[in-house]
Amino acid sequence: MATLTCPGCGAAVSHDDLICFTCGTNLPRRGPVEEEAAPPTVMQEYLRPGETAAPAKTPATGPISPVVLRLAFPAGNVDVPAGTSLVLGRDPAESLVAAAFAGYENVSRRHATITVSDTGQATIRDEYSTNGTFVNDDRVLPGTDVRITDGDRVRLAADVAADVSLPRQGFSANGHASTG
């Protein structure tokens, strides 16, 4: 299968991804015809692969987890890297993945927020949606963060469900790399 690139930044993306995890651009659903890659920007030319603009600084709280939460929705996968949050909903002004919910009128414009901490712990919060957010068929109280883990099932409204994949390999309960 051919390598796909983000139209916003040129980073490699998976065919099933709905957003680019490098720049956050919504990815169009692609057909079998491959589009030409956009020419690199001045910054991309300046920073060749493997180079950085400045030496990386280690945060005082410890290393950021490489964990990425994946929600497998019928319309495609939504990945949320550690240290970020993502609004799920139909409004493109509110949600980077609004295209995944465009056909579901029962999903609110700003339905729920998924947050993955630097240590890889994930939560979902219902944003006072009309038809509710559910984790393993239990309703999430509006405005309340509920922890989600690998193997859970998240549902927005009555029929938009996703399986949660949250790998924990190589990290202990406190978020530090385990040595063996």
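## A charge without a partner

Asp152 is buried, yet it has no salt bridge. The nearest side chain of opposite charge, Arg147, is 8.0 Å away. Buried means under 20% relative accessible area, exposed over 50%, and partly exposed in between (1.4 Å probe, protein chains only). A salt bridge needs a side-chain nitrogen of Lys or Arg within 4 Å of a carboxyl oxygen of Asp or Glu. For charge, Lys and Arg count as positive and Asp and Glu as negative; His and the chain ends are not counted.

The model is predicted: local features need pLDDT of at least 70, side-chain atom pairs count only at pLDDT 80 or more, and totals for chains, interfaces and linings use all residues. Residues are numbered from 1 along each chain as its sequence is written, and side-chain values use heavy atoms, with hydrogens and water left out.

## Polar partners of Asp152

Asp152 lies in the loop between β10 (145-148) and β11 (153-156). Strands are DSSP runs (E, at least two residues), as are helices (H or I, at least four), numbered from the N terminus. The Asp152 side chain makes a polar contact of 2.9 Å with that of Asn136. It also reaches the backbone nitrogen of Thr149 at 2.8 Å. A polar contact is a pair of N or O atoms within 3.5 Å; within protein, one must be able to donate a hydrogen and the other to accept it, and residues adjacent in sequence count only if both atoms are side-chain atoms.

Contact means heavy atoms within 4.5 Å. Leaving aside neighbours within four places in sequence, Asp152 is in contact with Val135, Asn136, Arg147, Ala162, Asp163 and Val164.

## The sheet

An open sheet of 6 strands runs in the order β4-β3-β12-β11-β8-β9, with antiparallel pairing. β4 and β9 (138-139) stand at the edges; each has a single partner strand, so one side of each lacks a neighbour in the sheet. Two strands pair if DSSP finds at least two bridges between them.

β11 and β12 are joined by 4 bridges; Val154 has Ala162 as its bridge partner in β12. Their hairpin has 3 residues between the strands, and Ala157 there takes a positive phi near 60 degrees. β3 and β12 pair over 3 bridges, with Leu71 partnered by Val164. β8 and β11 also pair over 3 bridges, and Thr133 stands opposite Leu156.

## Nonpolar cores

A nonpolar core is a set of buried Ala, Val, Leu, Ile, Met, Phe, Trp, Tyr and Cys residues joined through side-chain atoms within 4.5 Å. The largest has 29 residues, and those with the most contacts inside it are Leu69, Leu71, Phe73, Val78, Leu88 and Phe101. Elements giving two or more residues to this core include β3 (68-73), β4 (76-81), β5 (84-88) and β12 (160-165). A second, separate core of 7 residues includes Leu4, Cys6, Val13 and Leu27.

## Two buried serines

Ser129 sits in the loop between β7 (122-126) and β8 (133-135). It counts as buried because its relative accessibility is 9%. Its side chain makes a polar contact of 3.4 Å with that of His111 and reaches the backbone nitrogen of Gly132 at 3.1 Å.

Ser108 is in the loop between β5 and β6. At 11% relative accessibility, Ser108 is buried too. Its contacts, beyond four places in sequence, are Gly89, Arg90, Ser129 and Thr130. Ser108 and Asn131 are 23 residues apart in sequence and 7.6 Å apart in space, C-alpha to C-alpha.
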